[in-house]
Amino acid sequence: MWVGTVAILLQVGQEVSRLERATKLMGLLRFAMEATKAEDAPGNSEFSPMDEERRKFLEDALKSLTVNVAEVLQSSIKVLTDTEKIRSIQLGEPLPSDVETAFDNLLDYIDDIDIANDFYKMGGFAIFPVCYGSENDELRSRASSVLAEACQNNPHCQRRALDCGLLNVLIHLVQSERGHALAKCLYAISCICREYEPAARELVWQGGVAALAALLRAPEPAARTRAAFLVRHLAHHYSDAKEQFIQNNVVETVVEQIKSGRDDTTEHLLGILLALVEGLDPTVLQQCRNPRLNLKKVLEDHLKHPELEESYIEEKEYCQEILQQVFKDCPPIEVVDDEVTR
């Protein structure tokens, strides 16, 4: 009996704030354990009636744990589609408490695919044109977080984001955003495109490849890592994207970044190189063997980092594989055609 009660309480408890949930569930679990202990006592084979005090405690606790998610979503949508309110938030200003709460509430729930789909059906995607039109970068950043969470591994919301033109909005925004807002914008693009081919194709067709290639040089580490992750994914899964990365000579950009020192982006940069050399495209091989880049030495020097032996095994494997595919039994090719290095 009480095992079932505990399971129900845990499920319901997911729909309240973390602090309140922890407090209420601890009380309820303690109540259930005490009841179970009493019922399991030797010689006790009968259930005793629940006294009024305990009954009232249980009823009140269950009521406090119940949240109408639809009402929470609708309230948040109402706040974030209030055009006058959103436009009044100036550049650099902190977000008003009700706007902050609206974003927090959405992010608490829409990582659940069913709730994300309900969010769309309730008109939730109407918040994005309003929020992306704001001059406040924190507001745009929070909007990107919501869009990313709604679309991640969710084909329904990915399709709706594409149909609503939100991917095109993000492609334009990513060329002007900076700092945290840029990283979140890239995150939203990634969540719309990964594992959803129509969006990935649209990204390539709309010129997103050139924008992503440029962002591999972004000064913000978080944005640079997001860009490298997405470039790697596209180069590995989509031949037309890979072809455009080759035409943009992403190899040169990647090698420059690896030379600048190891960071969280390095694994993805090496993954990009490996994805590009798969298939041994002659143009890529020529770019990699360009003596000016000195890629062979760059990779060999990177392999000397002691931390690669224990903490960054994949980086070590990527370096070895690239060296094997590009440089085995092949001296560097001296480039005479400037077209390759552009």
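Phe119, Tyr120, Phe125, Phe128 and Tyr132 form one aromatic cluster. The model described here is predicted. Across the structure there are 4 aromatic pairs. One of them joins Phe125 and Phe128 in an edge-to-face arrangement, with 5.3 Å from centre to centre and 75° between the planes. Phe125 has a relative accessibility of 6% and counts as buried, and Phe128 is buried too, at 0%.

### The chain as a whole

The protein chain holds 21 helices and 0 strands. Of its 342 residues, 45% are buried. Among contacts between residues at least 6 apart in sequence, 72% join residues at least 24 apart.

### Helix pairs

Two packed helices are described by the angle between their axes and the distance between the axes.

| Helix pair | Axis distance | Angle |
|---|---|---|
| α4 (residues 69-80) and α6 (residues 97-109) | within 9 Å | roughly 140° |
| α6 and α9 (residues 137-151) | 10 Å | about 15° |
| α15 (residues 221-237) and α16 (residues 239-247) | within 6 Å | roughly 120° |

The axes of α4 and α6 cross at roughly 140°. Oblique is therefore the term for α4 relative to α6, and α4 passes α6 in a left-handed crossing. On the α4 side the contact involves Val69, Val72, Leu73, Ser76, Val79 and Leu80. These residues meet Asp98, Val99, Ala102, Phe103, Asn105, Leu106 and Tyr109 of α6. By class, the contact of α4 with α6 has 10 nonpolar, 2 polar and 1 charged residues.

Helix α6 also packs against α9, at an angle of about 15°. Because angles under 35 degrees count as roughly parallel, α6 is described as roughly parallel to α9. The crossing of α6 and α9 is left-handed. Here Glu100, Phe103, Asp104, Leu106 and Leu107 of α6 meet Leu139, Arg142, Ala143, Ser145, Val146 and Glu149 of α9. The residues of this contact divide into 6 nonpolar, 1 polar and 4 charged. Phe103 and Leu106 of α6 are listed in the contact with α4 and also in the contact with α9.

The axes of α15 and α16 come within 6 Å of each other, and their crossing is left-handed. From α15, the contact draws on Val231, Leu234, Ala235 and His237. From α16, Ser239, Ala241, Lys242 and Phe245 take part. The classes in the contact of α15 with α16 are 5 nonpolar, 2 polar and 1 charged.

### Helix α17 and its ends

Asn249 lies in the loop between α16 and α17 (250-259). Asn249 is not a glycine, yet has a positive phi of about 50°. With a relative accessible area of 5%, Asn249 is buried.

The buried residues are Val250, Val251, Glu252, Thr253, Val254, Val255, Gln257 and Ile258. What do the buried residues of α17 pack against? Their partners are α14 (208-215), α15, α16, α18 (266-277), α19 (282-288) and α20 (295-302). Gly261 follows α17 and has a positive phi, near 125°.

### Two further loop residues

Glu177 sits in the loop between α11 (166-173) and α12 (179-193). Is Glu177 buried or exposed? Its relative accessible area is 4%, so Glu177 is buried. Leaving aside neighbours within four places in sequence, Glu177 is in contact with Arg140 and Leu182. Between Glu177 and Asp137 there are 8.1 Å from C-alpha to C-alpha, although the two are 40 residues apart in sequence.

Glu195 is located in the loop between α12 and α13 (197-205). Glu195 has a positive phi of about 65° although it is not a glycine. With a relative accessible area of 61%, Glu195 is exposed. Glu195 and Asn249 can be set side by side: each is a non-glycine residue with a positive phi, but Glu195 is exposed, whereas Asn249 is buried.

Methods
Residues are numbered from 1 along each chain as its sequence is written. This is a predicted model: local features need pLDDT of at least 70, side-chain atom pairs count only at pLDDT 80 or more; totals for chains, interfaces and linings use all residues. Side-chain values use heavy atoms; hydrogens and water are left out. Axes are lines fitted to C-alpha atoms, for helices over the stretch in contact, and angles run from 0 to 180 degrees between N-to-C directions. Helices (H or I, at least four residues) and strands (E, at least two) are DSSP runs, numbered from the N terminus. Angles under 35 degrees count as roughly parallel, over 145 as roughly antiparallel, 65 to 115 as roughly perpendicular and the rest as oblique. A crossing is left-handed if the near helix is turned anticlockwise from the far one by less than a right angle, and right-handed if clockwise. Contact means heavy atoms within 4.5 Å. Ala, Val, Leu, Ile, Met, Phe, Trp, Tyr, Cys and Pro count as nonpolar, Asp, Glu, Lys and Arg as charged, and the others, Gly among them, as polar. Rings of Phe, Tyr and Trp (its six-membered ring) pair if their centres lie within 6.5 Å; planes under 30 degrees apart count as stacked, over 60 as edge-to-face and the rest as tilted. Buried means under 20% relative accessible area, exposed over 50%, partly exposed in between (1.4 Å probe, protein chains only).
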